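My entries follow in the order I made them.

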Amino acid sequence: MRQLYRLWPTVCVALAPGLASASVSTSCAASAMDVVVVGGGLAGLCATIEAAKRGAKVTIIDKEANLGGNSAKASSGMNGANTQAQRDQGITDSVEKFIEDTLSSGDGLAVVELVHTLAEQSRETHEWLKSLGLHLSDVVQLGGHSTARTHRFPPTPEGKPQPVGWTLVSGLRKILETELKDQVTIRTKSSFKELLIEDGRVMGLNFEHENGTEQLRGTVVLTAGGYANDHADSSLLDLHTPALAKLPTTNGPFATGDVIKALVKQEAGVKTTLMDKVQIHPTGFIEVKQPNFHTKFLAPEALRGSGGILLCHGKRFANELGRRDYLTEEMFKHCKPLFDKEENPLSAAMLLTEEAVEKYGSGAMGFYKFKGLVQDVGTVEAAAEAMGTSAEVLKKTLEDYNEAAERGQDKFGKKVFPVRFPSTAHLYVAFVTPTLHYCMGGLAINVRTEVLQCSKGNSGGHPKKPWKVRFGYPDADWHRTAEQARGGARGQWGGMYGILHGASGV
């Protein structure tokens, strides 16, 4: 039986004054099988599908005009251990190695029980998606992993790329709109306002839309909360990690932590955790014509997993397949602003061969070229000119890289070399900068993903037992939500994050 994923509020708090007004439409008592999902990204879509397939009537709300969220932008892949796709490609992996890698990347902050849940159920999650017609059969090795376990969609037979996030979101959304249309109600342009809590039990929520405020009653599943583009007056970035708040971001404008803010404002007694742990992705694309534009396209980790290398002044400075925090730190140590102009962001050059482009997907590369994010430079001399460095320096760097690849390890500890850089290679150049990417903190949960409560009005206090909730089934494993079905609570999109907390995923 599947381990269920439930994000349950659990503390007794009265409704805020004034909300029981004429603008709030009061529903009849909900049936025992009503479910309300907050957030229309991959977590919310999976929660909705699983609940509906088990017989629940589900309403999914999202504040944007379309479902998808940041999940639709994901571009590297989804991790899994001991999957059929790995076995088909002769890749040796195990749940134990996945756990070890995740705990290592967590730097002592990961919750061991949640890491076990992530790794132990990763194979089943891939099988579940495959049963829905979504087979991530291409597997690569990315940063933080000891083997290849990041799964992606291969190109179509016609050679068309299938971006992993967009393809998953589109496929799951289609299921809601066709097969499950009688079970599921989709409410977009609808923003979560607060929980309905009666006699210490969560009974539903209030949400706001263009015509006012409305009430939905039922079991509540929270699958939203990321804040890596939060620059409002009440910014969670400014509050918890002000030093990072001015960095660019890969997140959409909707990533403003609304659910977390609303629960804290309501004094609902939720326990938050690790809110200062906002991940910096080392490689956000710089658009050379407007280098200081705040929102960046992600230069996905799969580019480096396919053979791309990083250079400052024509020289390598790190293991390109190292952890994201390590790479970011090394970039700040060794790199300078783009074209040495102080007004520009810190920059490294990413260099790829034609072989690396083919490994990644030439169709997707065509999009990056169209957007002006990748330059097709051809020769080593042209690449050096684009980077503003000496051709001799670049040639020596590539010679050293090839020699290290033959030895099987370089001075940075890199042991996996997806491609070589022969002198005749056709080359591509892009410029990248560290970029806010992922909120690893959020609402504290247990292994059943029940939201933990703390002392009223003290969200930093010690968590207590989960809140009581209204719940439809005594055996409610149809709540396959959120973190697992999206590919694991943390670490499933491209890299190894290692911290498994809350509903704040990007």
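**T273.** I began with T273, which is buried, at a relative accessible area of 16%; buried means under 20%, exposed over 50% and partly exposed in between, with a 1.4 Å probe and protein chains only. T273 sits in strand β12, residues 272–273. I looked up A444 as well: its C-alpha atom is 5.6 Å from that of T273, though the two are 171 residues apart along the chain.

**Ground rules.** I note that this is a predicted model, in which local features need pLDDT of at least 70 and side-chain atom pairs count only at pLDDT 80 or more, while totals for chains, interfaces and linings use all residues. Residues are numbered from 1 along each chain as its sequence is written, and side-chain values use heavy atoms, with hydrogens and water left out.

**Whole protein.** I found 15 helices and 20 strands; these are DSSP runs numbered from the N terminus, helices being H or I of at least four residues and strands E of at least two. Of the 506 residues, 60% are buried. I took contacts as heavy atoms within 4.5 Å. Among contacts with a separation of 6 or more, 73% are between residues 24 or more positions apart.

**Helices α1 and α6.** At what angle do α1 and α6 pack? I read about 30 degrees for α1 (residues 42–53) against α6 (residues 164–177), with the axes 10 Å apart. The axes are lines fitted to C-alpha atoms, for helices over the stretch in contact, and angles run from 0 to 180 degrees between N-to-C directions. The crossing of α1 past α6 is left-handed, that is, the near helix is turned anticlockwise from the far one by less than a right angle. On the α1 side the contact uses L42, L45, C46, T48 and I49, and on the α6 side L168, V169, L172, R173, I175 and L176. I sorted the residues of this contact into nine nonpolar, one polar and one charged. Here Ala, Val, Leu, Ile, Met, Phe, Trp, Tyr, Cys and Pro count as nonpolar, Asp, Glu, Lys and Arg as charged, and the others, Gly among them, as polar.

**Cores.** The largest nonpolar core has 51 residues, and F285, L351 and L394 touch the most other members. By nonpolar core I mean a set of buried Ala, Val, Leu, Ile, Met, Phe, Trp, Tyr and Cys residues joined through side-chain atoms within 4.5 Å. Leaving out residues up to four places away in sequence, L351 touches residues including I309, L311, M387, L394, L398, F421 and L427. A second, separate core of 34 residues includes V202, L222, L236 and L237. In soluble globular proteins, nonpolar side chains tend to be buried together.

**I99.** I placed I99 in helix α3, residues 95–106. I99 is buried, at a relative accessible area of 8%. Not counting residues up to four places away in sequence, I99 touches V115, H116, A119 and E120. The C-alpha atom of L118, 19 residues away along the chain, is 8.2 Å from that of I99.

**Positive phi.** Most residues other than glycine have a negative phi. N82 is not a glycine, yet has a positive phi of about 60 degrees. N82 is in the loop between β4 (78–79) and α2 (84–88), and counts as partly exposed because its relative accessibility is 35%. D340, also not a glycine, has a positive phi of about 60 degrees. Its loop runs between β15 (336–337) and β16 (346–353). D340 counts as exposed because its relative accessibility is 56%.

Is G372 buried or partly exposed? G372 is partly exposed, because its relative accessibility is 36%; its loop lies between α12 (362–370) and β17 (374–378). P418 I found in the loop between α14 (391–407) and β18 (427–439). Apart from neighbours within four places in sequence, P418 is in contact with R304, G305, S306, G307, E355, K359 and Y401. I also noted 8.5 Å, C-alpha to C-alpha, between P418 and G308, which are 110 residues apart in sequence.
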